[in-house]
Amino acid sequence: MTSRRTRGDAARRSRSLLLTVEDFAGVERVTSLLRGRRYDVRGLRASVLDDGGWAVELDVPADEHGLWRLYERLQRLPAVIEVHLGPGLRGQLADKSTTDPEG
């Protein structure tokens, strides 16, 4: 028997966020935030950049609202230098800062 995907499943498909953090301590701060807030992270990859910073990629199953809230929360974390949306999502939240009632 095959399972049927519901509309909610499609809205919560895994999406990527790409971060640049200052150092390995920044990677630890990001993972602590994710654990502390109980974010469902399906994948986390971190690698050292040439300038000594770290690149972190997160795969998060979230709807648009949940992804936006995580994006904003990560931008406020002092160790995070940049937050980018993964491939295919770059334009989706571009105007969100001017239209989000909570932002």
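Buried here means under 20% relative accessible area, exposed means over 50%, and partly exposed is the range in between, with a 1.4 Å probe and protein chains only. By that scale Phe24 counts as partly exposed, at 43% relative accessibility. The model is predicted, so local features need pLDDT of at least 70 and side-chain atom pairs count only at pLDDT 80 or more, whereas totals for chains, interfaces and linings use all residues. Residues are numbered from 1 along each chain as its sequence is written, and side-chain values use heavy atoms, with hydrogens and water left out.

**Aromatic pairs**

- Two aromatic pairs are found in a search of the whole structure, where rings of Phe, Tyr and Trp (its six-membered ring) pair if their centres lie within 6.5 Å, and planes under 30 degrees apart count as stacked, over 60 as edge-to-face and the rest as tilted.
- Phe24 and Trp54 form a tilted pair, because their ring centres are 5.3 Å apart and their planes stand at 55°.
- This pair links distant parts of the chain, with Phe24 in helix H2 and Trp54 in strand E3, 30 residues apart; helices (H or I, at least four residues) and strands (E, at least two) are DSSP runs numbered from the N terminus.

**Nonpolar core**

- The largest nonpolar core has 21 residues, of which Leu17, Val30 and Leu74 touch the most other members; such a core is a set of buried Ala, Val, Leu, Ile, Met, Phe, Trp, Tyr and Cys residues joined through side-chain atoms within 4.5 Å.
- At least two residues of this core come from each of E1, helix H2 (24-36), strand E3 (54-61), helix H3 (64-76) and strand E4 (80-85), and H3 gives the largest share, five residues.
- Leaving aside neighbours within four places in sequence, Leu74 is in contact (heavy atoms within 4.5 Å) with Leu17, Leu19, Val30, Leu33, Leu58, Val80 and Val83.

**Ser14 in strand E1**

- Ser14 belongs to strand E1 (residues 14-21) and is partly exposed, with a relative accessible area of 45%.
- The C-alpha atoms of Ser14 and Asp59 are separated by 5.8 Å, although these residues are 45 residues apart along the chain.
- Beyond its neighbours within four places in sequence, Ser14 is in contact with Asp59, Val60 and Pro61.
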